[in-house]
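Work through the exercises below with the sequence and the model open. Each task is followed by a solution in steps.

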Amino acid sequence: MHDLVIHLDRVNSATSVEGLWRLHLDAMASFGFDRLLYGYTRYRSGRSLGDPQDWVVLTNLPAAYMRPYIEEGLYLNGPMVRWALENDGACSWSWMHQMVAKGGFSPAELKAMEFNRKLGVTTGYTISFHSVSKRAKGGIGLCARPGLTQPEVDELWAKDGPTITVMNNVFHLKLLTLPYSGSRTLTQRQREVLQWVGDGKTAQDIALLMGLTPATVEKHLRLAREALDVETTAQAVLKAAFYNQMFTVDA
């Protein structure tokens, strides 16, 4: 318990996504989970998870796994992705084998399972995080180190599962408070003009406040919309707020 408190204090003190992720990788590796895949979206609609460029994705899986999994859309038929979208909590990957025995998977889901088998992603647990929004969903796959069987992982979970679940939930909640850009990066000027828009200022107001011309303000707003891949400035403000890019404190 003492070690858990120390770890959670470090998580709480993390000031960057990178630092937080390293803490979590080390913590999960100490339990035998040496490969992790975390994903979070605020653009869920039914089974759709929205544009992958808008996801928060963190992983230490190799590109040989991630490229086909994301770019070829294998994640769309991932059995544990299906489970995570339909449930909250933790689930042993033994669930997949039970479903196969019942004939409960489609050919596309079986193909995704075969892909995982070839890449050595076969034993572990998935945690699906509870969300108060129907549009938001997050989850993490914890892949056990090579050599561990699923029964051995299940035995480990019976002993340490509650602790691991708490650590992942706190990691998830902390991550949601940290600035994350992914492929949607704003410049300082773009962020500043969006902040003023968020405060209810017009382009003319912002020009006066920033010592710019209204045309220059409009240019920064247009570039911000393009960077965030949205059509309106209101959408840009919302998306920047989602990823905690609006009012950041520079270190």
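The bend at a residue is the angle between axes fitted to the seven residues ending there and the seven starting there. Helices are DSSP runs of H or I with at least four residues, numbered from the N terminus. This is a predicted model, in which local features need pLDDT of at least 70, side-chain atom pairs count only at pLDDT 80 or more, and totals for chains, interfaces and linings use all residues. Residues are numbered from 1 along each chain as its sequence is written, and side-chain values use heavy atoms, without hydrogens and water.

**Exercise 1.** Compare the span of H7 with that of a straight helix, and locate the kink.

Solution. Step one: take the expected span as 1.5 Å times one less than the number of residues. Step two: look along H7 for the bend; a kink of about 75° lies at Asp 160, shortly before Pro 162.

**Exercise 2.** Find the salt bridge between Glu 109 and Arg 82 and place its partners.

Solution. Step one: apply the criterion, a side-chain nitrogen of Lys or Arg within 4 Å of a carboxyl oxygen of Asp or Glu. Glu 109 and Arg 82 meet it at 3.1 Å, N to O. Step two: assign the helices; Glu 109 belongs to H6 (residues 107–118) and Arg 82 to H4 (residues 79–86), 27 residues apart. Step three: check accessibility; both Glu 109 and Arg 82 are buried. The structure holds eight salt bridges.

Terms used: Helices (H or I, at least four residues) and strands (E, at least two) are DSSP runs, numbered from the N terminus. Buried means under 20% relative accessible area, exposed over 50%, partly exposed in between (1.4 Å probe, protein chains only).
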